[in-house]
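Dear colleague,

Please find below the structure that I am handing over to you.

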Amino acid sequence: MTALLKHIQEDIRLNGPMDMARYMSLCLGHPEHGYYMTRDPFGVEGDFITAPEVSQVFGELIGAWTLDGWMKASAPDPVHLVELGPGRGTLLGDLLRITKGANGFHEALHIHLVESSLCLKNVQSQAFRNYAPAWHSDLKTLPDDAPLIVIGNEFLDALPVHQLVKTQNGWNEVVIGLSEEGHLALGQKEADPAIMKHIPQSLLEYKEGDMVEVSPVLKNYLNDLFEHIQKQIGFCLFIDYGYTGFTPQKTLQAVQKHQHVSILHDPGECDLTAHVCFDTVSSLALEKGLSVHGPISQKSFLENLGIRLRIEMLSKNATPGQKKGLEAAYERLCGIDQMGELFKVIAVSSDPSLELEGFICA
Ligand code: SAH
């Protein structure tokens, strides 16, 4: 039995069944036993691999994109470069390496890392010891005195969701309670109106049995961030699992050692993620008067940024084994049955005339 399972069982005995958002935030973020608090989960040895861990090319292209955006925005100095959920810091490391020679860019940068895991913060402080970054456990402490560039890869999918189910008598919420034997078990309770108000109204009618996932935490995060971008000017980029065009569906999943497992399996020992509704991201940005680019597929974005050219360049001096590795990385990042279509990219900017690269088809 995991330490977190014991804690969750006691919590349910005391307070009754808990909703999925609370379960997800305990599993990922419990200060002592949460998944991200206790480990570096990335890579072949870990539970899953993210795009920057697949190949340096990913972070390099995002680096070129960031530099291009900064130059087109008249090269503000100082500028706050914020990464949300940097993990091992691989993306930012590649971004900084590729942009090192750019005139004035590094001199203008103030780096901010939004990270809730102490364990990953330690990994990041090693990786960026020459850049004196500032850490934030959420967006509340982000600076408000200069333009912002914000990047988040596989960050939004870690924010907790509630699951609601349409029944004959209205909406129910999925909750986790205890079976007679004391095991975690899924159940339902009548949904709270405060959660129901987040259900997208884009569908005229939901059918009995439809499931909808909503994330008030994600909305609060984006509202705070977009307010910063509106006031301080700047732009942001999100890359994540997700969908556009709302359809009721269940996307919350648990992954352990590269395998899908039940969401109730080994709480605190598996990664839990939910696909991001990109329509929610766009509409919150538009409500704040910001400009939206995309969403488009990761494949289109990376191809528009010249991933093929970069792979060919790197292949020139590569050994046959390295060449094979580069082609495999391209397939993993852009393959339509791999990350290419399921992952989407969206950018939001305070300046409607700013032409951010990657969103216009080459
Ligand atoms: N961007 C990295 C890591 C993605 S995993 C990559 O692409 O490899 C998610 C990251 O977000 C981890 O660093 C995790 O610790 C962090 N994280 C998850 N939930 C968070 C939250 N609510 N606040 C701050 N950081 C969070």
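How do the residues of the lining of the largest cavity divide into nonpolar, polar and charged? Six of these residues are nonpolar, two are polar and one is charged. Please bear in mind throughout that this is a predicted model.

The cavity

A search of the whole structure finds one cavity of 30 Å³ or more. The space in the largest cavity comes to about 30 Å³. Its lining is made up of Tyr23, Cys27, Ile263, His265, Asp266, Pro267, Gly268, Cys270 and Leu272.

The largest pocket has a volume of about 720 Å³. It is lined by 36 residues, of which Tyr36, Ser116, Phe155, Ala158 and Leu159 are the closest to its centre. Two or more lining residues come from each of the elements α2 (20-29), α3 (51-54), α5 (90-98), α9 (216-232) and β13 (271-273). Among the contributors, α2 gives the most, with four residues. Sorted by class, the lining of this pocket contains 17 nonpolar, 11 polar and eight charged residues.

Ser117

The loop between β3 (109-114) and α7 (118-127) holds Ser117. Is Ser117 buried or exposed? Its relative accessibility is 1%, and because the limit for a buried residue is under 20%, Ser117 counts as buried. When neighbours within four places in sequence are left aside, Ser117 is in contact with Tyr36 and Met37.

The cysteines

How many disulfides does the count give? The count comes to zero.

- With a relative accessibility of 3%, Cys270 counts as buried.
- Cys236 has its closest cysteine sulfur in Cys277, at 16 Å, which is therefore too far for a bond. Cys236 also counts as buried, at 1% relative accessibility.

With kind regards

Notes
Residues are numbered from 1 along each chain as its sequence is written. This is a predicted model: local features need pLDDT of at least 70, side-chain atom pairs count only at pLDDT 80 or more; totals for chains, interfaces and linings use all residues. Side-chain values use heavy atoms; hydrogens and water are left out. On a 1 Å grid over the protein atoms alone, a cavity is a set of points where a 1.4 Å probe fits but cannot get out, and a pocket is an open set with protein on both sides within 12 Å along at least five of seven lines; lining residues have an atom within 4 Å of a point. Grid points are joined across faces, edges and corners, and a volume is the space filled by probe spheres set on the points. Ala, Val, Leu, Ile, Met, Phe, Trp, Tyr, Cys and Pro count as nonpolar, Asp, Glu, Lys and Arg as charged, and the others, Gly among them, as polar. A disulfide is a pair of cysteine sulfur atoms within 2.5 Å. Buried means under 20% relative accessible area, exposed over 50%, partly exposed in between (1.4 Å probe, protein chains only). Contact means heavy atoms within 4.5 Å.
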